[in-house]
Amino acid sequence: SANVHKGTIFTVPKMIAEAKRPTVLVFSTGQDTSHSKVNYIDFSIAMMHQLHGQTNSAISNMPLQLGTSKDHQAKQEVKSEQHDSGSEEWQLEHHGLDSINPANVPAIPPCALESVEMHLAKRGSGLFSVGAISSLAAKTGMDNFRLSIRHAFVTCALDGRRLPFLSRFLSTFTSDEYEVLNTQDDQKTTASVELMFFLELTSFVELYGATPQSRRFDIGKRIAFKFLLPCKIGSRKENPMFDLSHLCSESTLEDLRRKFTEESEQELDSIGRNIFLPYQEAVAEKLCGTPFISFLISDECSRMRGYLRNTSPYRTVSPGDFFFHAVADESNTHAANHLLYNIVFLLCQREREICGENDDIVGEKTNRVQGAAGGMCCAVFLKKRLLRLVKAVDCDFDGSDEEESPEMPVGFNDLKHAFVQAWDMFLSPEGGALQWTSTSNETDYHLEKARNLLKKAKQEKEPISVAQILSNVEMQQTLESLAENLLYDYSVDSYTKFREHPFHEWMCSEIKLSSG
């Protein structure tokens with residue numbers, strides 16, 4: 001917000017000190033960035049400058065007369081052959097959105113880094129218009145340029161450190177050529193709404209593994225009727241709150257409508273991970289046009305690049321992946337480490353966290369969130385210890401086995417001790433960790449059901465009856481559902497905050513060091 005372009009060494013520090021928020025200085029000179037630190041944002045900006053330079057060069061090389069000399073024609077043919085041969089040396093890899101993770105974005109080929117003049121990425125962005133670059137890319141049919149823009153958009157949208165800059169820019173972005181008038185409801189589709197739709201679909205894919213199967217239909221239905229499908233209110237139909245049904249064909253929309261009818265509600269397996277993939281691809285393709293190219297040449301993007309200078313590459317793992325790998329019989333070391341970072345974040349979480357650009361500002365002291373780690377710790381205990389003992393007793397103990405003493409079933413003592421631990425630490429309504437944890441209605445239902453089963457077991461006097469209650473199918477299913485819903489509550493409420501917190505940045509730095 002402070003313009004120091006014409007300042008002096010005496011006035012610039014004062015102007016920076018009076019700025020409303022911390023000012024990041026980005027110098028236009030210095031050492032060239034190594035290829036290992038170049039991402040698709042830098043690569044795309046360098047390509048845009050190079051395309052702009054080629055356009056200006058072509059215009060400046062035009063002869064003053066209509067006739068063209070033979071020497072000039074020969075030079076142009078040589079340049080054209082060099083350009084064509086260079087464009088065939090490398091090709092960026094297309095990456096689908098069916099696997100949402102910035103780490104899955106294909107690496108930039110070394111030959112591409114050598115072909116593009118990367119020092120151009122340090123130039124100012126106000127040298128050309130977005131219309132000139134977008135029209136140039138459309139006319140020349142440059143697949144590499146479009147793929148680079150697409151990978152840069154995915155990098156920004158999925159990176160919790162970059163997304164606030166992109167969201168802030170698109171919230172004020174206006175373009176007469178981009179805004180589409182919906183003739184059905186006379187509403188304008190804005191880039192901000194389309195980004196919100198893309199992030200909703202991204203969240204659905206990312207949290208699919210951590211979402212209980214019984215809740216996937218309702219979550220998918222909410223997204224479909226919020227953005228794509230009309231709903232019935234009495235005898236009339238109401239269009240979605242944000243109508244983006246025009247992004248795909250009518251046949252694709254009809255397939256989606258059939259999946260979310262009342263008749264198919266029982267077919268929960270039909271709600272697959274990539275059910276919204278055609279719409280996700282379509283909205284990403286649309287945003288990668290004028291809106292995102294405008295962002296790349298904006299001051300907001302320059303501030304983002306300066307703020308994230310020399311930071312570690314962004315890495316993230318969906319909660320379902322790292323959780324189930326960490327609690328498996330053969331625990332994965334990286335998944336367990338990821339889980340520990342999440343738990344430590346919850347233990348240190350405060351009522352109001354200061355993250356992002358303002359993380360260096362010392363604000364008023366706030367209290368820790370009481371019981372923030374209770375849900376995740378309970379889910380780990382249920383999956384890693386208690387449910388294993390329940391299944392072991394269920395398999396080894398047979399009430400018809402007369403040789404085994406009915407008072408001492410196999411594994412009963414370990415199982416009983418584990419249930420006592422679970423009750424005292426997590427499940428008890430008087431002092432248990434879940435009593436202080438904010439949970440959803442579905443989680444509360446399974447928690448109350450587990451409490452009732454344990455109260456029923458406590459009333460039994462015979463050990464064999466207690467063992468039957470603690471190891472039956474109903475208890476096993478209740479604990480499984482409770483653990484899955486606790487994981488989902490964490491994924492929805494806290495995992496996004498973790499990805500924006502310094503803890504996540506430290507984890508990315510550790511991954512960078514371990515990978516060499």
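Q: Where is the place of Val327?
A: Happy to start there. This is a predicted model, in which local features need pLDDT of at least 70, side-chain atom pairs count only at pLDDT 80 or more, and totals for chains, interfaces and linings use all residues. Residues are numbered from 1 along each chain as its sequence is written, and side-chain values use heavy atoms, leaving out hydrogens and water. Helices (H or I, at least four residues) and strands (E, at least two) are DSSP runs, numbered from the N terminus. Val327 sits in the loop between helix 14 (319-326) and helix 15 (333-348).

Q: Is Val327 buried or exposed?
A: Buried means under 20% relative accessible area, exposed over 50%, and partly exposed in between (1.4 Å probe, protein chains only). Val327 has a relative accessible area of 7%, so Val327 is buried.

Q: Which residues does Val327 touch, not counting residues up to four places away in sequence?
A: A contact means heavy atoms within 4.5 Å. Val327 touches Val380, Lys383, Lys384 and Arg388. The C-alpha atoms of Val327 and Lys383 are separated by 6.4 Å, although these residues are 56 apart along the chain.

Q: How many helices and strands does the whole protein have?
A: The protein has 22 helices and four strands. Buried residues make up 42% of its 516 residues. Among contacts with a separation of 6 or more, 76% come from residues 24 or more positions apart.

Q: Which residues have the most contacts inside the largest nonpolar core?
A: A nonpolar core is a set of buried Ala, Val, Leu, Ile, Met, Phe, Trp, Tyr and Cys residues joined through side-chain atoms within 4.5 Å. The largest one has 63 residues, and those with the most contacts inside it are Phe153, Phe197, Leu228, Phe276, Phe292, Phe295 and Leu296. Apart from that core lies another, of 52 residues, among them Tyr341, Phe419, Phe503 and Met507.

Q: How many residues line the second largest pocket?
A: On a 1 Å grid over the protein atoms alone, a pocket is an open set of points where a 1.4 Å probe fits, with protein on both sides within 12 Å along at least five of seven lines; lining residues have an atom within 4 Å of a point. The second largest pocket is lined by 35 residues, with Leu199, Ser203, Phe204, Leu207 and Thr496 nearest its centre. Helix 9 gives the largest share of this lining, seven residues.
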